[in-house]
Amino acid sequence: MALFRSRYGEGPLHLLAAIASFAIATYAFLEIADGTAPLNFAIWFVAAIVLHDMLAFPFYSILGVIVGETLRDPPAASARPSALNYVRVPALLSAFFFIVWFPVILGFSDAEVVESTGLDTDPFLERWLLLTGAMFAISAVLYAVKLRGGLRSRRARR
Amino acid sequence: MPNLPKLPKPFSEKPPPGPFQREFWKSPLRGPWLTSFLGSALLPLVIICALTGFLSHVAYYPDLGDNSITGSGRIGFDLYFFDFPTNPAWLYAFTQGLHIISGLAAIPILLAKLWSAMPKFFEWPPVRSPAHMLDRLSLALLVGGSLFVFFTGVLNIQLWYPWGFSFVPAHYYGAFVFLAALGLHLLAKISVARRAFREEGVVKPLRADVRHTEPEPYDENTTAPYAPSAPTMSRRGLLGVVGAGSLGLTLMAVGQVVGGPFRSLALLSPRGRGFGSGPNEFQVNRTALEAAIKPATTTSTWRLKLEGGGVPVEFSREELLEMTQHTESLPIACVEGWSTTQDWTGVRLKDLAALAGIEGDAEVTVQSLQEGGTFNQATLSDSQVADERSLLALQVNGADLSLDHGFPARVIAPAVPGVHCTKWVSSMTFSGVDA
């Protein structure tokens, strides 16, 4: 057992589970390979990883760093609360909604939607913009309230 | 233990620059507790989504007629253990609604979990042992599989098909890949989560505000940061945003499942828009235009052809209207996770089976005037035909069906997926089933 563990890196249960897991996955791939456009399936499968790990992740990380650096906590002396999370929270929520609904927001499937449902995708860009605007507006109000609270407590201290 | 020869090390000890360096990862929030917490939130949603997905598959009765849409022509594997019941009538609307709700709700959590585990994708050395190599390969299937399955679903409910493969088998077998990899992942990670919850407490890290947020203790085997920067957000803050995103998407999905006044909650869904207020003003899955229905074929020359035991019989729409009419309030429930309940009036399917010359239980294959397409026909089971609420509807909400809703006649039946409620019916072939 010790020999197995030192050579394989885990216990035998891991190997059994791994074989089962890869057998099922390989079966599913073969089933798809027998269907329509198997190469497209493979491309989209790999593209999902590449798009997320190599494009989306670096993109939002860099964006996060830029926003973070720009809105970094002000020096303690100013006592002004940081606006960072008042930007990050609505931006993240807006991004979540965009990531899920971008095909209709950007009208990519407009022709199909019209053909299938009899309605178009026209309102969705506006609705998403309004939703985003509303979230930022609420955030701005909350930040303003916080700023006033900070000012008042500083005045009270004086 | 015998003296083993040392295995050669294929990778240099020194990691390449960038994300492979432990100093690269700065977030003080990353660590096994955060990943475990997100994973524990994600797992029940994935389980609900997977179970309801396979249930939907059962609801299509893939063993009947040409109902199977996952088969690749060769064998195909239909996970199919029991007959989907017709009670309650909203059962399919409920299970498929849950499928879309849990799927959409999972997406922000999935993305956050991928973010939290990101340093793992840049491990160095890339391979430490055969087991480690299998784990990493499986991780590629897990990440690729989860993104693939969730986003093919997301694109399908918005009718965007930028790929060349057909959606159902890709989504279905993609789920096999994802779930197989998830099983192995759980086996490996349950102990990690247990330890994290034991050491940090299950909810204790949620109590800390930004100022009291401490990084999880550094360990080279975990994602806890080696050189964390000062926190700018608490863990509960991060989880709150993710939860709010998840809740927002849940409300949108709930809106299109429940319908009625709640439909407007589905703010960004193509199924969230209202029609007018007339009897035929409700959601259409496929318009007559898309189905290429020639209006001339639906006029007074239209006949419903019934086949069964003996000589085929034909009925005009007027003759059907003269038969005993029944009105049932039933939902159309789409695989895309939207539904709409309306009052349908028409002839019972079991009465039509009798007219076709069938005594006792019968299945029926319903053919549409629509000439092409996967769903221009469907086979309903004997239990679906026998249910008294199953109708060949001629009217809806007291008015004749509109062309888009299947004029001259359409099938509507309880707990049957929408695409099996064939529109523009041209013929019905009943076949007796031995009791």
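This is a predicted model: local features need pLDDT of at least 70, side-chain atom pairs count only at pLDDT 80 or more; totals for chains, interfaces and linings use all residues.
# Chains A and B: what the terms rest on

Mentor: In chain B, 48% of the 435 residues count as buried.

Trainee: How confident is the predictor in chain B?

Mentor: Mean pLDDT (confidence per residue, from 0 to 100) is 92 for chain B, and 96% of its residues reach 70 or more. For the complex, the predictor gives an ipTM of 0.93 and a pTM of 0.94.

Trainee: What makes strand E6 of chain B covered on both faces?

Mentor: E6(B), residues 377-380, has B:Gln377 and B:Thr379 on one side, B:Ala378 and B:Leu380 on the other, and all are buried. In a regular strand, side chains alternate between the two faces of the sheet.

Trainee: How do you know that E5 and E6 of chain B pair?

Mentor: Pairing takes at least two DSSP bridges. E5(B), residues 362-368, and E6(B) have four, in the antiparallel sense, so they pair. B:Gln367 stands opposite B:Gln377 of E6(B).

Trainee: How many helices and strands does chain B have?

Mentor: Eight helices and 10 strands. These are DSSP runs, numbered from the N terminus: H or I of at least four residues for helices, E of at least two for strands.

Trainee: What span is expected for helix H5 of chain B, and what is found?

Mentor: The expected span is 1.5 Å times one less than the number of residues. H5(B), residues 235-258, has 24 residues and reaches 34 Å from first C-alpha to last, close to the 34 Å expected. B:Gly259 follows H5(B), with a positive phi near 70°.

Trainee: Which domains does chain B have, and what touches between them?

Mentor: An automatic or database assignment sets the bounds: domain 1 is 18-264 and domain 2 is 295-432. Their C-alpha centres lie 39 Å apart. The contact takes 29 residues from domain 1 of chain B and 26 from domain 2 of chain B. Contact means C-beta atoms, placed from the backbone, within 7 Å. On the domain 1 side, H2(B) gives the most, with seven residues.

Trainee: How many residues of chain A are in contact with chain B?

Mentor: 57 residues of chain A contact 66 of chain B. H4(A) gives the most to the chain A side, with 12 residues. That side has 35 nonpolar, 15 polar and seven charged residues. Ala, Val, Leu, Ile, Met, Phe, Trp, Tyr, Cys and Pro count as nonpolar, Asp, Glu, Lys and Arg as charged, and the others, Gly among them, as polar.

Note on methods: Residues are numbered from 1 along each chain as its sequence is written. Chains are lettered from A and ligands numbered from 1 in the order in which they are written. A residue is buried if 20 or more other C-beta atoms lie within 10 Å of its own, exposed if 12 or fewer, and partly exposed in between; C-beta atoms are placed from the backbone. Two residues are in contact if their C-beta atoms, placed from the backbone, lie within 7 Å.
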